[in-house]
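The following exercises are to be worked with the sequence and the model at hand. Each task is followed by a solution in steps.

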Amino acid sequence: MARETKPRAHGRRSPWAAAALIGIGLLLTGGAYAGASAAMAATGETQVRSALTAEDGEKLFQANCATCHGLDLQGTEAGPSLYGVGELAVEFQVSTGRMPLQAQAPQAPQKPVQFTEDQIRAIGAYVQETAPGPSYPSEEILDGGGDVARGAELFRINCAMCHNVAGAGGALTEGKYAPALDQTSALHMYAAMVTGPQNMPVFNDMTLTAEDKRDIISALLFQQEAVSPGGFSLGSLGPVSEGLFIWIFGIGVLIAVTVWITAKSN
Amino acid sequence: MTLEADPLEHERASWKPSPGLAVAVPDPVRDPELPPHRARITDKDPAAMTRAVRTVYTLFYISVAASIWAIVAYFLFPIEDGSLVSIRNNNLFIGLGIGLALLAIGLGAIHWSKAIMSDKEFVEPRHATRGRDTTRAAAVKAFADANEESGFGRRVLVRNSMIAAVVASIAPGIVLFRGLAPFSSEALPLAGDPVALLSHTMWKEGTRLAHDPEGTPIRAADVTLGSAVHVIPEDLTELGHTEGYLEEKAKAIVLLMRLLPEDLNETPERADWSYDGIVAYSKVCTHVGCPVALYEQQTHHLLCPCHQSQFDVTNGAAVIFGPAARPLPQLPITVDAEGYLVARSDFTEPVGPSFWERH
């Protein structure tokens, strides 16, 4: 023999073979999933836009919503009746993806929207015509031109205890939470105030007048654009996130520097 | 070893063994001595020393540059009126400059002392803490002489009466501290009585419930199912800040909610404290006093954000979780002739956290 070969401890297969196989398997599965979901998303957008009527809305409702909300909106054990919720509630719940509900749970979380804009309007029209309720606001209320200072004061009095003073969201009981408002559109802000979705209280136009609502929406839209003058806002969560940051990074660095100062030089 | 001839006798005196020991111990703990001197790389390798020197003066030069940058940044990033971004940039760049300047001075000085300066160890001998026996005896004698000459120990009546006089002279000062707390007056009849202040609020029979902060009265018909309205007494807005506006508001805040009447479990005594499913509860938590306003419309629970006490509005705001000891006080309400919500009376118990006189 020209060269002495060491006896192999693991047979003819390389020790990396197992890892490589798992890696290839994961890549294939992940790639297939990504491709399939991209294809599904693409089909949604290529639908031809057509005006849908309340009758189409009724069919969509019966197909997607009636299992829990009843064929005539009367409600079942699985879902409340929709009498009087109006098209504004439909717009809010379906347009933010909260409905169709993910599971019977304390919170109805926001998730990808399952219907197009036209379909949502159609379902809303059907619900509105069956049992009328709150409807879309005038454009002026959503224009963001109200008194921001007054809106912020009203927000602090009525909303900040659940949604956090900067609209960063907050915890409620038993797994529920008030979501962050940094991505919410003006229409959805108005809709949530008027319809009182899930556990949020109702803020009708006598509790908060249209002018009050315009001011609050303006304040929130301002907050969404606002630059923090103080650097890292750390999610605007206040003492918890700031405390974690200082205790972990700040004091950690201080301890490291202290150790370096007193250590002997190399 | 002989004890008299030992020159360091007073050094070792503190641990001296008693005559009863059979074995004479010269030193109970062996002196560990200094650890062996370990040469630094900057002492062994001249190139390393040059590198260290270069590092230190580079750090000091960086510090100079950072200080100059801080001055330049002050002019480059001025604060413009109405621009939050300009405030942020101004703070950030000046701060970075000054911070880096000071940090570099510190790092340079420490590296200089650790790596370049001489690191030879040396010993500073110190004497033992325990004094010589002669000194100690002299000190004891001084105290004994003082006692005898002053008569402090012997003249009991003189001494005790002096102590009594000194203690008694402090007593008026302690009592005068009462003067720092408010007194009642014509204008503020309850100011000097904290128990009364805590036990009563602005609410009276017939006071209209009003929106916070405007003070506009609330109609019962305007409060729809599921609403949560933040309420103050209607006459609160007439108080100025120097007249106790905040003090009264802190006690008088109320949360108004509307539930279905069949969901409300009311006791017979409180049957007329609500109106058609509209209930009013004090917003001041009975735990430490945070405003309890996180109302969950479907579960009818009120959550206090401070320590997570939860109150069940359907059962008289009874505590269902958390550290609060008592349910939230309920404000008895009714409707007046014009349909506005009014209070029937003040709260029937003090609002907010417990205090000593509260039973």
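Helices (H or I, at least four residues) and strands (E, at least two) are DSSP runs, numbered from the N terminus. The model is predicted: local features need pLDDT of at least 70, side-chain atom pairs count only at pLDDT 80 or more, and totals for chains, interfaces and linings use all residues. Residues are numbered from 1 along each chain as its sequence is written, and chains are lettered from A and ligands numbered from 1 in the order in which they are written.

**Exercise 1. Treat Gln223(A) in the manner of the previous exercise.**

Step 1. Helix H9 of chain A, residues 210–225, contains Gln223(A).

Step 2. Because 19 other C-beta atoms lie within 10 Å, Gln223(A) is partly exposed.

Step 3. Once neighbours within four places in sequence are set aside, Gln223(A) is in contact with Ala166(A) and Gly167(A).

**Exercise 2. Describe the overall build of chain A and its domains.**

Step 1. Chain A has 10 helices and two strands, in the order α-α-α-α-α-α-α-β-β-α-α-α from the N terminus.

Step 2. The radius of gyration is taken over C-alpha atoms, and the globule rule is 2.2 Å times the number of residues to the power 0.38. Chain A has 27 Å, whereas a compact globule of 266 residues would have a value near 18 Å. The C-alpha trace of chain A spans about 90 × 55 × 35 Å along its principal axes.

Step 3. Of the 266 residues in chain A, 30% are buried.

Step 4. Domain bounds come from an automatic or database domain assignment; for chain A this gives domain 1 (54–130) and domain 2 (139–227). Their C-alpha centres lie 23 Å apart. Domain 1 of chain A and domain 2 of chain A each bring 12 residues to their contact.

**Exercise 3. Is chain B a compact globule or more spread out?**

Step 1. Chain B comprises eight helices and 10 strands.

Step 2. The radius of gyration of chain B is 39 Å, well over the 21 Å that the globule rule gives for 359 residues, so chain B is more spread out than a compact globule.

Step 3. Its C-alpha trace spans about 110 × 80 × 45 Å along the principal axes, and buried residues make up 21% of chain B.

**Exercise 4. Examine H4(B) and the side of chain B that touches chain A.**

Step 1. The expected span of a helix is 1.5 Å times one less than its number of residues. For the 33 residues of H4(B) this should be 48 Å, and the end C-alpha atoms are 46 Å apart, which agrees.

Step 2. Gly97(B), Ala104(B) and Ala115(B) are buried in H4(B). What covers the buried residues of H4(B) includes H2 and helix H3 (46–76) of chain B.

Step 3. The contact between the chains takes 32 residues from chain B and 24 residues from chain A. H4(B) gives the largest share of the chain B side, eight residues.

**Exercise 5. Which residues have the most contacts inside the largest nonpolar core?**

Step 1. A nonpolar core is a set of buried Ala, Val, Leu, Ile, Met, Phe, Trp, Tyr and Cys residues joined through C-beta atoms within 7 Å.

Step 2. The largest one has 88 residues, and Leu209(B), Val231(B), Val254(B) and Leu256(B) have the most contacts inside it. Helix H8 of chain A (residues 186–195) gives the most to this core, with seven residues.

Step 3. Beyond four places in sequence, the contacts of Leu209(B) include Val231(B), Val254(B) and Leu256(B).

Technical notes:
A residue is buried if 20 or more other C-beta atoms lie within 10 Å of its own, exposed if 12 or fewer, and partly exposed in between; C-beta atoms are placed from the backbone. Two residues are in contact if their C-beta atoms, placed from the backbone, lie within 7 Å.
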